[in-house]
Amino acid sequence: MRLAGNARFAALPSLLANRGGVLKPRDFDPINIIISSLNIYLRKKEVGALPQSAVNSADKPLLAVLKGERRDPPPIWMMRQAGRYLPEYRALRADKGGFLDLVYDTDAAAEITLQPLRRFPELDGAILFSDILIVPFAIGQNLSFVAGEGPRLTPVMADARIRDLEPHMQRLQPIYETVKRVKAELSPQTTFLGFAGSPWTVATYMIAGQGSREQAEARRLAYADPGKLDAILDLIAMVTVDYLSGQIDAGVDAVQLFDSWSGSLAPAQFERFVIARTAWIADQLRQRHPDTPIIGFPRGAGGKLGAYAREAGIDAIGIDETADPAWVHRELPENMPVQGNLDPLALIAGGAELHRAVRRVLDAFSERPHIFNLGHGIQQDTPLAHVEELMRQVKGGE
Ligand code: 1CP
C-alpha cells in the first residue's frame with residue numbers, strides 16, 4: 001500500500017476548493033492536445049527521426065521514475081554532486097571567499113549547481129546549491145562556516161528560549177532567485193531537485209550549535225525534555241514546508257528531505273521525531289503541490305527503513321550504502337521508487353571493485369523504479385575519472 005497515493009486523494013478536495021470547486025474546462029481542452037502533437041510532428045520533420053526520449057522535450061527520466069515509471073538505463077545523479085571534488089568548484093570557492101557568500105551569491109550558486117552537469121552530461125538531475133542549515137539561519141540562529149571545521153550556529157537551541165528567536169524569513173528569498181536562474185538554463189530533460197534537511201537532522205545542528213559526535217546533545221534532549229525537542233522540531237517543520245514550497249514555486253521538479261542523522265535514534269524515538277515529522281511535512285507539501293514528488297533519505301535507518309517507507313508519506317526513498325540492495329528490494333513496498341546506493345568509497349576505489357559494486361546495485365533494483373545514486377555524498381578526494389567510469393557503466397550498460 002502506498003500512503004503517498006492516499007494522501008494525494010486526501011488533497012483533492014482542497015485542490016478543487018482552490019479552483020472554486022470546479023475543474024476548469026481548459027484542463028481538457030482538445031486544442032492544447034492538438035498543438036502539442038503538432039509541435040512534436042514539426043520537430044520530427046526538422047531533425048529527422050529522434051530517439052523516443054528526445055521526441056518529447058518535456059520527458060524527464062528522473063522525474064518519470066519518481067512518479068513510478070521504470071527506465072532502463074536508470075536515471076542518475078549523485079548526492080553532493082556540486083562541491084569540493086570538482087576543481088571548478090574549488091576555484092570559484094577560493095575566488096568568492098566563504099561558503100555562505102557562495103550560497104547567497106545567486107550567480108555563483110547557479111553556476112555551481114550547473115557545474116557537475118557540464119562535466120558529466122549523463123547526469124539526469126541537478127540539485128540546488130545551498131545547505132540544510134539555511135533553515136536555522138532563517139529561524140534566527142547566526143550561521144557561519146569555520147574553515148576546516150564546519151558550521152557554527154548560535155545561540156545554541158538547547159539553552160535558548162524558542163520565543164526569543166527572531167525569524168528572518170527573507171534569508172530564504174535569494175535561494176528562490178537561484179532556483180529561477182538555474183531553471184532558465186537547464187535542459188528540459190534534466191530534473192531539478194530542491195532540498196531541505198529533515199527536522200531531526202537540522203535539530204541536531206541547532207541544538208549542538210555544530211556537527212556533533214553521535215548527535216549526543218539532541219539525543220540527550222530527546223530523553224531529558226522531549227516536549228522541548230517536539231517544539232523545536234515543529235518550528236523547523238513549519239519553516240521547511242514554506243521553504244520547500246518556495247523552491248517548488250520557483251521551479252524545482254521534486255524535493256529531497258535529507259535525514260542524514262536519522263540512524264542515531266532508538267526505534268520509538270524514530271517514529272516520533274523522524275517518521276511523524278516527515279509525514280506531516282509530506283502532507284502539508286502535497287496539499288500545496290500535489291504533483292511534486294518527495295524523496296525521503298533516512299540515512300542509517302537500517303531495520304526501520306520499511307516503516308519509514310510505509311508511514312512517512314514520501315513518494316521515493318533514498319537508501320544508504322549500508323543497506324543490502326537485495327534486502328531493500330524485498331523489504332520495501334512494491335513499486336516504490338528507490339534511489340541509491342553505491343558506496344561512495346567504492347567510487348574512490350575505482351576499477352574492478354567499483355564495477356562489481358555498480359553491477360550489484362543495478363541488478364538488485366532492475367525490477368522496480370530505480371534512480372542510481374550514491375549511498376551518501378560524493379567525497380572530496382573522489383577521482384573524476386572514476387565518476388566518468390561510473391557514468392559509462394550505468395548509461396552504457398557495461
Ligand atoms: O566548500 C565548503 O567548504 C563547503 C562544503 C559544503 C557544501 C559543498 C557544505 C558545508 N555544504 C555544501 C552544500 C550542500 N550541503 C548541498 C548542495 C548540493 C550539492 O553539494 O550537491 C547539500 C544537498 C547539502 C546538504 C547537507 N549539509 C547535509 C545533508 C547531506 C549529507 O551530506 O549528509 C548536511 C548534514 C549538511 C551540513 C553541512 N554543510 C557543510 C558541512 C561541512 C556540513 C556537515 C557538518 C558536520 O556534520 O560536521
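Q: Why does Glu 214 count as exposed?
A: A residue is called buried if 20 or more other C-beta atoms, placed from the backbone, lie within 10 Å of its own, exposed if 12 or fewer do, and partly exposed in between. Glu 214 has 10 C-beta neighbours inside 10 Å, and therefore counts as exposed. This is a predicted model, in which local features need pLDDT of at least 70, side-chain atom pairs count only at pLDDT 80 or more, and totals for chains, interfaces and linings use all residues. Residues are numbered from 1 along each chain as its sequence is written.

Q: Why is Asn 335 called partly exposed?
A: Asn 335 has 13 C-beta neighbours inside 10 Å, so it falls in the class in between and counts as partly exposed.

Q: What is the place of Glu 214, and what is its phi?
A: Glu 214 is in the loop between α10 (199-208) and α11 (216-224), where helices (H or I, at least four residues) and strands (E, at least two) are DSSP runs numbered from the N terminus. Its phi is near 55°, a positive value in a residue other than glycine. Most residues other than glycine have a negative phi, and most peptide bonds are trans.

Q: Where does Asn 335 lie, and what is its phi?
A: Asn 335 lies in the loop between α15 (325-331) and β8 (338-342), and its phi is positive, about 70°, although Asn 335 is not a glycine.

Q: Which kind of peptide bond joins Asp 72 and Pro 73?
A: The bond joining Asp 72 and Pro 73 is cis, with omega about 0°, and Pro 73 is in the loop between α4 (61-66) and α5 (87-96).
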